[in-house]
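Student: Hi! Could we go through this model together?
Tutor: Happy to, here it comes.

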Amino acid sequence: MINYGKQNINQDDIDAVIDVLKSDYLTQGPKVPEFEENLKKYCQSEHSKVVSNATSALHLAYLAVGLQKGDIVWTSPNTFVSTANAALYCGATIDFVDIDPHTYNISIKCLKEKLIQAKKDNKLPNLVVPVHFAGQSCDMEAIWELSKEYKFKVVEDASHALGGTYKGKKIGNCEYSHMSVFSFHPVKMITTGEGGAVTTNCKNLDEKVSILRTHGITKDPSHFDFKPHGDWYYEQQFLGYNYRLTDIQAALGISQLRRLDSFVSKRREIADFYLQHLDQNITPAQIQDADSSWHLFVVQVNNRQKIYQQLKDNGIQSQVHYIPVHSQPFYNSGSLKNCEIFYEHCLSLPIYFDLTKEQCELVVSCINND
């Protein structure tokens, strides 16, 4: 079977994990801060914190920027449900902004129109969460300018986009957002098994994520409210969560991060092959200021079920990303035309490091011969 996505694990990754298994620390040891240091350097951000998965990263980022009960969050419907769910964990309400039919990212035009109406209705969002679908950045500068005009916070859901760039800088540098969130699920750019991260340029936001991921507990004497009882002393100052990443996972992440650029380079080669050999009318558009990491390669086809089955019959796994969140029974929140049309035709083709040219040719053949 040719998978739609797949991790690549080499001997260096295995050795890194074994070294931790033989060490004194399996969790809360030196590998977690080492991973965070490497990640912030790669993303060109001031701070980085790693956590148990991207859903927990979203939850903590939302809490850190002050999201609370009764607040309003807007995001793209073209995402995994966790982007929206994490807002509900904070007691906020969620609404959706339609997508651009060409890039499949949040539509700046629709966002502007919705903000104008929301101001009239006195229902402006407290937080907007752009989703970098398939690895391509949203137009973050435009969103950032709107955030200053309409006074909302910005958290980038960059779960798909580690290794991508926007305006020549790494996604996750947070020049046009308060925080960015990444995923280290096995089909993403790099993997820690399960895992996630939050980057930011704000020390205060970084510290909030740090304490909230560990039950709201601090061991830093400079943050204590009371006089410590001894070296063992700690304080719980907030209601937090157990969202920590282990040293075992961090060691894998450190090793994987060393190869991130080669992973992304191979994905771009595959994407270029698809772009050259498939009808341009079915392939995704790329904005001028962004260079995608190509977590996904999504085509728009008129006969999806037939092509899906044809690929399957040839040992090729494809996938659908995503069933629009607003159309899920739990949300069921109206109609968003562009996203619904996109969903009716979208199909994710195989793209991952170990995919060969011959396998790519087979994928293209199955689609072009339809």
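Student: Which residue lies over the face of Phe-353?
Tutor: Lys-266 does, at 5.6 Å from the ring centre. A charge sits over a ring if NZ of Lys or CZ of Arg is within 6 Å of the ring centre and within 35 degrees of the ring normal. Keep in mind that this is a predicted model, where local features need pLDDT of at least 70 and side-chain atom pairs pLDDT 80 or more, while totals for chains, interfaces and linings use all residues. Residues are numbered from 1 along each chain as its sequence is written, and side-chain values use heavy atoms, without hydrogens and water.

Student: And what lies over Tyr-343?
Tutor: Arg-304 lies over the face of Tyr-343, at 5.0 Å from the ring centre.

Student: OK, ring pairs next. How many aromatic pairs are there?
Tutor: The structure holds 14. Rings of Phe, Tyr and Trp (its six-membered ring) pair if their centres lie within 6.5 Å; planes under 30 degrees apart are stacked, over 60 edge-to-face, and the rest tilted. One of the pairs is Tyr-104 with Phe-133, edge-to-face at 6.3 Å centre to centre and 70° between the planes.

Student: Where do those two lie in the chain?
Tutor: Tyr-104 is in the loop between strand S3 (93-96) and helix H5 (108-121), and Phe-133 is in the loop between strand S4 (127-129) and helix H6 (140-150), so the pair ties together parts 29 residues apart in sequence. Helices (H or I, at least four residues) and strands (E, at least two) are DSSP runs, numbered from the N terminus.

Student: Are Tyr-104 and Phe-133 buried or exposed?
Tutor: Both are buried, meaning under 20% relative accessible area, with exposed over 50% and partly exposed in between (1.4 Å probe, protein chains only). Ring pairs also link Tyr-104 and Phe-133 with Phe-80, Tyr-322 and Phe-342 into a cluster.

Student: Switching to helices: how do the axes of H5 and H6 cross?
Tutor: They come within 11 Å and cross at roughly 5°. The axes are lines fitted to C-alpha atoms, for helices over the stretch in contact, with angles from 0 to 180 degrees between N-to-C directions. H5 and H6 are therefore roughly parallel (under 35 degrees; over 145 is roughly antiparallel, 65 to 115 roughly perpendicular, the rest oblique).

Student: Which residues make the contact?
Tutor: Among them are Leu-111 and Leu-115 of H5 and Ile-143 and Leu-146 of H6, with contact meaning heavy atoms within 4.5 Å.

Student: Last one: how many residues of H4 are buried?
Tutor: Six of the eight residues in H4 (82-89) are, including Ser-82 and Asn-85.
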